[in-house]
Amino acid sequence: MTLPKLGRALIENGHPFPPELHVDREHLKRERPARVLQFGEGNFLRGFVDWMIDHLNRDGLFDGGVTIVQPIEQGMVGRINAQDGLYTLVLRGMREGRVVEQKELIGAVRGGIDPYTNYDAFLAAGRDPELRFVVSNTTEAGIAFDPSDRATDRPAASFPGKLTALLHERWRHFGGDPARGLVIIPCELIERNGDNLRRCVLRTAEAWELEPAFRAWVEDANVFTNTLVDRIVTGYPREEAPQIEAELGYRDDLLDTGEIFHAWVIEGPAELADELPFSRAGLNVVWTDDVTPYRDRKVRILNGAHTMMVLAAYLAGKDTVKECMDDPAISDYLRHGLYDEIIPTLDLPRADLESFAAAVLERFANPFVRHELLSISLNSTSKFKARVLPSVEEYLKRRGEPPRRLSFSLAALIAFYRGTEIRDGALVGHRGSQEYPIRDDAPVLEFFRGVWSDYDRSEDAGRVATAVLARASLWGQDLTALPGGFAELVAADLRKILDSGAEAAMAAL
């Protein structure tokens with residue numbers, strides 16, 4: 001049986017949908033004004049921002065559609081327009097210890113524009129009086145000034161170049177009216193993404209010798225928010241797609257999947273929360289005047305939990321995060337590290353932090369997401385410095401003694417980075433008879449290769465640990481100077497890992 005293709009015709013013709021699929025036909029039939037312009041058509045924005053806009057529209061809290069701009073020459077706008085912007089989102093994960101799955105037909109997207117083939121339509125979007133918001137996800141490298149961009153390009157190569165051209169067209173069309181400024185909400189995973197994007201736009205405007213009045217309008221009439229986004233969107237489920245489509249009763253080339261958990265923190269004026277009232281729709285979105293404590297919460301709890309667990313768990317024989325959560329000793333190690341050592345170093349309300357930590361543990365246990373430990377292990381030295389070391393230092397400051405499990409995780413890092421041969425750009429480590437690649441910056445790998453080349457027996461563990469901790473280029477400081485016997489504890493844990501193995505050393509904690 002040939003399945004029909006998803007599109008508005010299915011909605012209008014009364015196509016029967018399965019009961020487990022959330023479909024609001026009246027909502028999907030409605031043509032809404034293009035109030036959101038989105039740079040990026042990928043899985044993440046469709047499974048995060050567009051899903052939220054869809055919920056606002058369904059609940060009568062917002063009346064706006066999303067127009068997607070294809071940010072690079074090869075993209076998905078053709079497929080998006082072929083389905084009239086419609087797609088299915090499947091969210092799966094753990095909630096209160098139970099496996100949860102929900103399917104929704106998303107109708108927030110009006111369609112897409114390819115500025116490489118229809119630049120005039122792109123500029124016309126900037127002249128639309130209904131336009132209010134710009135969102136983006138153009139990868140971490142997307143927010144960067146490109147000196148090769150020219151004002152005459154159709155379009156400019158970079159995202160800031162395209163945005164500058166769009167804003168200039170809007171400024172010109174509306175005669176510099178400050179009421180026509182936009183709210184720009186980037187979702188790229190870089191620190192203070194909105195501030196960086198504003199700087200790139202202003203630098204581009206200066207390089208293009210655009211009017212000083214335009215540059216003043218960019219700064220004064222537009223809001224560039226800093227954001228923190230959090231949801232794993234696993235994208236098109238290639239292997240499962242035939243079965244899912246058979247259950248849905250239609251073919252969907254834009255089928256998207258993700259986890260149940262979501263969080264969005266937006267640093268911007270408080271009145272914007274009334275324009276995009278996400279929390280009133282039951283969505284986990286926080287508008288704040290300072291994103292920093294929420295970033296610390298994510299980095300120290302979510303990312304820190306990964307970093308403190310992954311290397312020790314891999315040496316203990318595990319390959320995925322889900323396997324770690326299924327192992328009582330490793331999950332116990334992780335829980336104590338989170339609740340007893342990381343959370344006490346943060347300043348948000350304890351209940352908020354514990355709720356976030358509980359969600360993290362459920363996310364790690366999600367049977368629909370396969371997180372390979374070796375993939376997470378990439379550049380672990382810089383990750384430890386950013387994600388775990390701040391908790392170690394704050395714990396020492398508040399408690400006067402080293403955090404037991406976080407200290408152990410540094411010993412596990414040193415053991416994981418044990419290797420004496422660099423091959424194909426990776427230091428070669430060994431887990432029993434199995435080789436594994438240790439991937440980091442070349443100077444880091446050379447340093448560890450040299451340190452371990454002189455290792456002979458477990459009595460040398462103290463010397464290895466001291467050499468690693470004293471390497472200020474790794475940590476930004478000499479960690480042997482930390483108080484409370486931190487260096488001695490790390491050395492002792494490293495010796496235990498080398499003598500009895502990571503699994504036994506972790507269980508002894």
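How many cavities of 30 Å³ or more does the count come to? Five. A cavity here is a set of points on a 1 Å grid over the protein atoms alone where a 1.4 Å probe fits but cannot get out.

Quick background, everyone: this is a predicted model, where local features need pLDDT of at least 70, side-chain atom pairs count only at pLDDT 80 or more, and totals for chains, interfaces and linings use all residues. Residues are numbered from 1 along each chain as its sequence is written, and side-chain values use heavy atoms, with hydrogens and water left out.

So, the largest cavity. It holds about 70 Å³ of space, a volume being the space filled by probe spheres set on the points, which are joined across faces, edges and corners. Its lining has 13 residues, and Arg8, Arg30, Arg32, Gly107 and Arg110 lie nearest the centre; lining means having an atom within 4 Å of a point. That lining splits into three nonpolar, five polar and five charged residues, with Gly counted as polar and Arg as charged.

Next, two helices, meaning DSSP runs of H or I with at least four residues. α12 (residues 292-315) and α14 (residues 328-342) pack at about 140°, axes 10 Å apart. Axes are lines fitted to C-alpha atoms over the stretch in contact, and angles run from 0 to 180 degrees between N-to-C directions. Contact means heavy atoms within 4.5 Å. Among the residues that meet are Met308 and Met309 in α12, and Leu334 and Leu338 in α14. The contact residues divide into 10 nonpolar, one polar and one charged.

How values were computed: On a 1 Å grid over the protein atoms alone, a cavity is a set of points where a 1.4 Å probe fits but cannot get out, and a pocket is an open set with protein on both sides within 12 Å along at least five of seven lines; lining residues have an atom within 4 Å of a point.
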